[in-house]
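Please open the model in your viewer and keep the sequence panel beside it.

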Amino acid sequence: MLFTFFNCLINFFKKLLSPPFCFNCKKFIEHRIVFCSTCFNGIKRVNSFRISVTQNHWMNVFAVSNYEYPVKSLILAKAWQNRLASKALGKLVWAETNLQNVEFDILIPIPLHWTRYAKRGFNQAEEMANEISKLSGKPVLNLLKRQKMTRFQFLLFKKARGQNLKNAFIATTWAKEEVEGKHVVLVDDLMTTGSTLIYAAKELVKLNPASITAVVGARVV
Ligand SMILES: [Zn+2]
């Protein structure tokens with residue numbers, strides 16, 4: 001009895017300090033879920049697709065939806081340091097893509113360059129990966145480093161995009177033993193041109209993984 005009372009009290013204060021709102025329309029919702037039912041029903045899911053990494057390597061990509069609302073609101077929230085939105089995006093990727101039906105061993109988030117990380121205070125892809133890890137029981141390993149400050153891909157013409165990302169990623173020295181023979185999942189918030197995922201995967205291919213799959217919150221079409 002007393003326990004139930006204290007539980008209710010704790011929940012009351014939790015809601016008071018951080019009330020559960022829909023991440024898209026900001027409507028108050030009873031439980032902490034990502035979207036209210038109206039926004040959730042508005043998600044237009046997309047099929048998975050394959051992109052080429054090298055001549056002999058392909059990668060399946062899972063996205064929840066195209067880059068449109070309501071999922072877009074979670075991706076944009078990183079600009080104002082909303083870490084909760086990134087966690088919600090991770091939950092959504094797990095619940096609403098085919099990832100649950102894929103056999104995988106490790107999750108690798110696409111890293112931010114340290115200067116961008118310092119400015120934002122967190123990496124949205126890493127927050128997502130941590131959330132997927134909690135739900136799947138698979139570990140997150142930060143095996144890639146961003147050694148070059150890249151410009152935003154969508155600002156560049158197609159030819160410049162590859163140049164922009166060439167040598168952008170480097171695997172850590174201990175990555176080979178973690179990746180070799182493993183089914184790897186790359187995690188990112190948004191796929192714009194696909195080049196970021198491709199160049200990260202190119203670096204991992206050198207370490208002989210069994211397969212590489214990528215998951216993103218949304219894709220730009
Ligand atoms: Zn809503």
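On a 1 Å grid over the protein atoms alone, a cavity is a set of points where a 1.4 Å probe fits but cannot get out, and its lining residues have an atom within 4 Å of a point; points are joined across faces, edges and corners, and a volume is the space filled by probe spheres set on them. This is a predicted model, in which local features need pLDDT of at least 70 and side-chain atom pairs count only at pLDDT 80 or more, while totals for chains, interfaces and linings use all residues. Residues are numbered from 1 along each chain as its sequence is written, and side-chain values use heavy atoms, with hydrogens and water left out.

Of its 221 residues, 45% count as buried, meaning under 20% relative accessible area with a 1.4 Å probe and protein chains only.

Next, select Asp188, Leu190, Met191, Thr192, Thr193, Gly194, Ser195, Thr196 and Leu197, which line the largest cavity. Strand 6 (183–191) and helix 9 are the elements that give two or more residues to this lining. The volume of the largest cavity is about 30 Å³.

Finally, select helix 9, residues 195–205, where 9 of the 11 residues are buried. Among these buried residues are Ser195, Thr196 and Leu197, which also belong to the lining of the largest cavity.

Terms used: Buried < 20%, exposed > 50% of the residue type's maximum accessible area, 1.4 Å probe, protein only. Helix = DSSP H or I, 4+ residues; strand = E, 2+ residues; numbered from the N terminus. 1 Å grid on protein atoms, 1.4 Å probe; cavity = no way out; pocket = protein on both sides within 12 Å on 5 of 7 lines; lining within 4 Å.
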